[in-house]
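Here are my notes on this one, as numbered points. Have a look at the salt bridges with me, and then at the core.

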Amino acid sequence: MKRIKLLKLAEKDFENVYELMEEAFPVEEVRPPKNAIAQLRDPRYRILISQNEADQMLGFIARWDLGTRIFVEHFAVDSSLRGGGIGSGMMRAFLSQAEKPVVIEVEDEKTETNLRRIHFYLRLGFHLSQYGYDQPVYRGDMSKKIPLKLMTYPTPLTAAGFETFKKQVFTQIYKIIKT
């Protein structure tokens, strides 16, 4: 497989990313379009895409720079291309250029799909932590809880690291101040 390159998303191409985001994630985990476009202007937020030779988008990685860590909020590959190594190639390329430790959220091991996703990240060198939280809902059923666990690269998450990360994520991204 060819080496995968990640390119910074041009705002004019956001619609394609948003369509894939809506297809790949539950509605509760995707911001309304207006909010999603607005966050593109936040200097801490960046979307990286991978394209083929015909400039067709293969997938994207949406990440936040939280100062001490990089948080991957969304990562998806076009559904017609999954299982062919594009996702692992994209994530390897991302990790090779990450200037800070990386954190991702995953759903628990209760379903086969969730377990496959966890094993995908484990194969890439991530560590599954015991730490997690309920992600706030972006839209849809606001009473729904989204229980998530954290995975980290290149080293396991410590208790102190979890507390720092959770505070950063809940204040800077979810905009919920928890003490």
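This is a predicted model: local features need pLDDT of at least 70, side-chain atom pairs count only at pLDDT 80 or more; totals for chains, interfaces and linings use all residues.

1. D108 has a relative accessible area of 17%, so it counts as buried (under 20% relative accessible area is buried, over 50% exposed, in between partly exposed; 1.4 Å probe, protein chains only).

2. Numbering runs from 1 along each chain as its sequence is written, and side-chain values use heavy atoms, leaving out hydrogens and water.

3. The whole structure has twelve salt bridges. One of them joins R31 and E73 at 2.9 Å, N to O. R31 sits in the loop between α1 and α2 (33–39) and E73 in strand β4, so the pair ties together parts 42 residues apart in sequence (helices are DSSP runs of H or I, at least four residues; strands are E, at least two; both numbered from the N terminus). Both residues are buried.

4. What about D65 and K100? Their side chains form a salt bridge at 2.7 Å, N to O. D65 is buried at 19% relative accessibility, while K100 is partly exposed at 23%.

5. On to the largest nonpolar core: among its 31 residues, V17, I47, F60 and V169 touch the most other members (buried Ala, Val, Leu, Ile, Met, Phe, Trp, Tyr and Cys residues joined through side-chain atoms within 4.5 Å).

How values were computed
A salt bridge is a side-chain nitrogen of Lys or Arg within 4 Å of a carboxyl oxygen of Asp or Glu.
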